[in-house]
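Please open the structure in your viewer and keep the selection tool at hand. The stops below say what to select next and what is to be found there.

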Amino acid sequence: MSVNKLSVVQDKTKTSYPRWIVMQLLEECNLRCKMCYEWGLEGPYKSKKTLAHLDPDLIKKIIVECSPGKPYYDFFGGEPLMYPWLSDILAMINHYGSKADFPTNGTLLQQHAEMLVETAPNKIWMSLDGPEEINDKQRGKGVFKKVIKGIEKLYELRESKGKQFPKMGVSFIITPLNYMYVEEFFFKHIDLSMLDHISMEVQLYATEEQYDQYVEVLSDKFDVHEAPYAKGMVWRDTSSFSQIDIPELTRQLNNVKAYCLKNSIHVITYPKTIDEQNLSNYFSGQFHQMADKRNRCSLPWVYAEITARGDVSPCHAFYDLTFGNVNEESLLDIWSSDKYKDYRAYMKKNMLPICTACSRYYIY
């Protein structure tokens, strides 16, 4: 979803609507991927005593409430395909003329393929991080084969029914374990003709210094005094990034990108600029020297994210800063609240110290 195509929408009653709504359907996930900032090595979700999910009736209420603004929806997890009411929610979004995307680890794709072709979300992103042996070291034994079978079934069903949607993509998270296998994976281990788009993404992380600065800003400016979600983004073993052969990674990324663009496969990369200096700056934590450095974020004026516990956050995955709960008040009331307005005023002149660890930072 391009922020450049978004603007704050108001109806005849002057009601303001978010144009992009992300819903964390549930916290539960069936995998424990090592680099995951929720359930991975540093992830905070492992310490949760209970796992939450969004009430489907509440989601339906939000869809109706926001329908005049025709927002774009993204789902998140946990694992979205574990959400029992996903088909109902997709059908309702379609009914009101909106579109939805979501990522999935792909292990449940095969059993939900029929539903996904019938409900036709706009895009589905499947996660794979290399050839079978490498992927499964990062994501778990047997994962690769399950995902490939799911992709094949979804593609076959979509084509046999003459449908255009869902568009299908694979996201590849680049880590010290798998960076040497980018070309091998895309050219030898997956049929690119089945894919409409790919994403090659550096492992997102924050430094301890960024985290400490973020906690200070939350406390001083927003009266928030702890940040467990952001803590999950802090990758303590940053020395492992030094083993990455930056010139070789750069070569492989650019080769795959060139091939895909030549064959009309849409490509996303984190960061956008794929050259040796930019990647070196990223993996050494020199974010301020990156070619993709940003001074402002446009999302506070168009974007809202709802956690599985109902909290409304202006940021993706950083749920430490929230402005209300949809179990207690409407999303539109929260969207127009003084807290949200104060945040927008702050973000008009600033970025948060941890913004470089956000996937939205590199796309929009």
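In this tour an angle between axes under 35 degrees counts as roughly parallel, over 145 as roughly antiparallel, 65 to 115 as roughly perpendicular and the rest as oblique. The axes are lines fitted to C-alpha atoms, for helices over the stretch in contact, and the angles run from 0 to 180 degrees between N-to-C directions. Helices (H or I, at least four residues) and strands (E, at least two) are DSSP runs, numbered from the N terminus.

The model is predicted, and local features need pLDDT of at least 70, side-chain atom pairs count only at pLDDT 80 or more, while totals for chains, interfaces and linings use all residues. Residues are numbered from 1 along each chain as its sequence is written, and side-chain values use heavy atoms, with hydrogens and water left out.

**First stop: H3 and H5**

Select residues 109-119, which are helix H3, together with residues 143-160, which are helix H5; their axes come within 8 Å and cross at roughly 25 degrees. To see the contact (heavy atoms within 4.5 Å), show the side chains of Leu109, Gln110, Ala113, Glu114, Leu116 and Val117 on H3, and of Lys149, Gly150, Ile151, Lys153, Leu154, Leu157 and Arg158 on H5. Sorted by class, the contact of H3 with H5 has 7 nonpolar, 2 polar and 4 charged residues, where Ala, Val, Leu, Ile, Met, Phe, Trp, Tyr, Cys and Pro count as nonpolar, Asp, Glu, Lys and Arg as charged, and the others, Gly among them, as polar.

**Second stop: H6 and H9**

Next select helix H6 (residues 182-189) and helix H9 (residues 246-262), which pack at an angle of about 30 degrees with their axes 8 Å apart. That angle makes H6 roughly parallel to H9.

Which residues of H6 are buried? They are Val182, Glu183, Phe185 and Phe186, where buried means under 20% relative accessible area, exposed over 50%, and partly exposed in between (1.4 Å probe, protein chains only). What covers these buried residues includes H5, strand S7 (167-174), S8 and H9.

**Third stop: aromatic rings**

Rings of Phe, Tyr and Trp (its six-membered ring) pair if their centres lie within 6.5 Å, and planes under 30 degrees apart count as stacked, over 60 as edge-to-face and the rest as tilted. By this rule the count comes to 24 aromatic pairs. One of them can be found by selecting phenylalanine 187 and tyrosine 259, an edge-to-face pair at 5.3 Å centre to centre with 70 degrees between the planes. Phenylalanine 187 lies in H6 and tyrosine 259 in H9, so the pair ties together parts that are 72 residues apart in sequence. Phenylalanine 187 is partly exposed, with a relative accessible area of 38%, and tyrosine 259 counts as partly exposed at 38% relative accessibility.

Move on to tyrosine 205 and tyrosine 282, whose ring centres are 5.3 Å apart and whose planes stand at 85 degrees, so the pair is edge-to-face. Tyrosine 205 lies in the loop between strand S8 (197-202) and helix H7 (208-222), and tyrosine 282 in helix H10 (residues 276-283), so the pair ties together parts that are 77 residues apart in sequence. Both tyrosine 205 and tyrosine 282 are buried. To widen the view, select Tyr205, Phe241, Tyr270, Tyr282, Phe283, Phe287, Tyr361 and Tyr362, which form one aromatic cluster.

**Last stop: the backbone**

Most residues other than glycine have a negative phi, and most peptide bonds are trans. Select glycine 77 and glycine 78, where the peptide bond from the one to the other is cis, with omega near 5 degrees; glycine 78 lies in the loop between strand S4 (72-76) and helix H2 (86-95). The peptide bond from phenylalanine 165 to proline 166 is cis, with omega near 5 degrees, and proline 166 is placed in the loop between H5 and S7.

Finally, select serine 264, in the loop between H9 and strand S9 (266-270). Phi of serine 264 is near 60 degrees, a positive value in a residue other than glycine, and at 69% relative accessibility serine 264 counts as exposed.
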